[in-house]
Amino acid sequence: MVFVVSDEVKRKNGGPRMVVTGYSSGMVECRWYDGYGVQREAFREDELTVGQPTTREESH
C-alpha cells in the first residue's frame with residue numbers, strides 16, 4: 001500500500017496512531033505525540049496499515 005504525507009497510519013502489530021510526514025531511503029517517516037512530546041520514526045511500508053480516523057462523536 002502506498003501512503004501519502006498526512007495519512008494517518010498504525011503499525012500492524014499495534015501502537016499509537018501516527019501521521020506520515022515523508023519518505024526517506026524507501027522508509028515511511030512517521031510522527032506521533034506520546035503524551036510528553038512528538039516522537040518520530042521510520043518504518044517499512046509493509047509494517048503499516050491505515051489508521052482509523054477519529055469521528056466527531058468520539059472526540060466529545
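Student: Is R11 buried, partly exposed or exposed in this model?

Tutor: The model is predicted. R11 has a relative accessible area of 28%. Buried means under 20% and exposed means over 50%. The value for R11 lies in between, so the class is partly exposed.

Student: Which residue forms a salt bridge with R11?

Tutor: The closest N and O atoms of the pair are 3.2 Å apart. The cut-off is 4 Å, so the pair qualifies. R11 sits in strand β1 (residues 8–11), and its partner lies in the loop between β4 and β5, 36 residues apart. The partner is E47.

Student: To which backbone nitrogen does the side chain of E47 reach?

Tutor: E47 is placed in the loop between β4 (38–43) and β5 (48–50). Its side chain comes to 2.8 Å from a backbone nitrogen. That nitrogen belongs to R44.

Student: Which residues does E47 contact, leaving aside its neighbours within four places in sequence?

Tutor: Start with the salt-bridge partner of E47, R11. R11 is on the contact list too.

Student: How many salt bridges does the structure hold?

Tutor: One joins E47 and R11. Another joins the side chains of D46 and R44, at 3.2 Å from N to O. E8 and R17 also meet in a salt bridge, at 3.8 Å. The total is 3.

Student: What is the relative accessible area of R17?

Tutor: R17 pairs with E8 in a salt bridge. E8 counts as partly exposed at 29% relative accessibility. R17 is partly exposed as well, with a value of 41%.

Student: What is the relative accessible area of D46?

Tutor: The salt-bridge partner of D46 is R44. R44 is partly exposed at 46%. D46 is also partly exposed, and its relative accessible area is 48%.

Notes:
Residues are numbered from 1 along each chain as its sequence is written. This is a predicted model: local features need pLDDT of at least 70, side-chain atom pairs count only at pLDDT 80 or more; totals for chains, interfaces and linings use all residues. Side-chain values use heavy atoms; hydrogens and water are left out. Helices (H or I, at least four residues) and strands (E, at least two) are DSSP runs, numbered from the N terminus. A polar contact is a pair of N or O atoms within 3.5 Å; within protein, one must be able to donate a hydrogen and the other to accept it, and residues adjacent in sequence count only if both atoms are side-chain atoms. Contact means heavy atoms within 4.5 Å. Buried means under 20% relative accessible area, exposed over 50%, partly exposed in between (1.4 Å probe, protein chains only).
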